[in-house]
Amino acid sequence: MGLFDRLFGKKSADDDEASISSALAEIAPISEAVLENVTSENEVEETPADESVITEEKYEQSLEKTRQTFGERFNHFLANFRRVDEEFFEELEETLILSDVGVQLAGELTEELRQEARLANAKSQDALRQIIIEKMVDKFEAETLSSALTEADGLTVMLFIGVNGVGKTTTIGKLAARYHNAGKKVLLAAADTFRAGAINQLKEWAARASVDIVAGKEGEDPASVVFTALAKAKAEKYDFLLIDTAGRLQNKENLMKELEKIGRIIKRELPDAPHETLLALDATTGQNAVQQARDFTKVAPISGVILTKLDGSARGGIVLQIIQSLKIPVKLVGLGEKIDDLADFDGDAFMRGLFEKLL
Ligand code: GDP
């Protein structure tokens, strides 16, 4: 079953050209009832625990701004179009770009829709709405499904990177608390030795999450902090080592050297590690976040993105861009400033949230 069907319980319009026009009449009434059904089905099948219901609620709330902006923009666009002509497609492309899905993706989607509209003669508002959503959902199907964090058999090492202020330290603290509460032995490494403030902040989070920390001194070689932390983690049989790093992208060459050196030390001590290299991005910064992701992929092999501050952002559309254009899975999302405001990225819940009001 395709992602679209799972989310919206509706047959794909790709299945059958002829069915498109007849399906149009049915589109409007499917909204609430069908979505409710899908939600409860999913809960029974995949998410029996109370915890996931809370997460889904948090998702709902956190996505509210993005959804409103996204939905309003689309509804406004669709409500105002008169006929499907070149102007329509130009405006559609613009609307998609404004929704933060990215220029490339906006272009691709518009082109596909051009073909589709020609083929299927789908010229009504509802038909186009349906096809736009289907196309977007289709594009994310493959990538959104592989977003679980890696856990090794023994020690799992995670490296956190990202520019200052995006919420890296906060995320490490939240994740440490999550693993600690699950009975795991967690060690933090404060390898952002560039700023004393960063070291202190991570110490505070270690205390809050009741986990241990290896902290270097300001100005110390970050790789030596990592070395000490790794030795301790191995000797004392920790389950997780979460490493904070400095994020001065303005000096790319130094950053690259630093990350390379850290990577080399880790590999020498534990050949399979790091098991995750996670890039933290601030969702409220929109295109800036996407640009940071592009830049960081040049300095380190990113295994996943943590999208922070989704709760305060109207720009959740960038998730689509990160996944689709950059081919990096979004693995975690920050939904607030509290210690438990962290959730695994759930592609289905995200897409459902994004398009709910549109259907
Ligand atoms: P770092 O410099 O990347 O380590 O960023 P910090 O972890 O210090 O976070 C910067 C600011 O963002 C702090 O005020 C955090 O409380 C805030 N923050 C981090 N994550 C989130 C989130 O998911 N939602 C909200 N609303 N604020 C967050």
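Modeller: P274 lies in the loop between helix 12 (252-269) and strand 5 (276-282). Helices (H or I, at least four residues) and strands (E, at least two) are DSSP runs, numbered from the N terminus. A cis peptide bond links A273 to P274, with omega about -5°. Another loop, between helix 10 (196-208) and strand 3 (212-215), holds S210. S210 is not a glycine, yet its phi is positive, near 55°.

A word on the source: this is a predicted model, where local features need pLDDT of at least 70, side-chain atom pairs count only at pLDDT 80 or more, and totals for chains, interfaces and linings use all residues. Residues are numbered from 1 along each chain as its sequence is written, and side-chain values use heavy atoms, with hydrogens and water left out.

Now the part for the close look. The ligand sits in the second largest pocket, meaning that more than half of its atoms lie within 2 Å of the pocket's grid points. A pocket is an open set of points on a 1 Å grid over the protein atoms alone, where a 1.4 Å probe fits, with protein on both sides within 12 Å along at least five of seven lines; lining residues have an atom within 4 Å of a point. This pocket has a volume of about 320 Å³, the space filled by probe spheres set on the points.

The pocket has 21 lining residues. Nearest its centre are G165, V166, G167, K168 and T170. Helix 9 (residues 168-181) supplies the largest share of the lining, five residues. By class, three lining residues are nonpolar, 10 polar and eight charged; Gly counts as polar here.

Around the ligand stand 16 residues, each with a heavy atom within 4 Å of it. The closest are G165, T169, T170, Q201 and E337. Helix 9 again gives the most, four residues. The shell has three nonpolar, eight polar and five charged residues.

Next, polar contacts (pairs of N or O atoms within 3.5 Å). A polar side-chain atom of T169 is 2.4 Å from a ligand oxygen. For Q201, a polar side-chain atom lies 2.6 Å from a ligand oxygen. G334 uses a polar backbone atom, 3.3 Å from an oxygen of the ligand. Alone, the ligand exposes 580 Å², and the protein buries 80% of that (Shrake-Rupley method, 1.4 Å probe).

Key. Polar contact = N/O pair within 3.5 Å; in protein donor to acceptor, adjacent residues only side chain to side chain.
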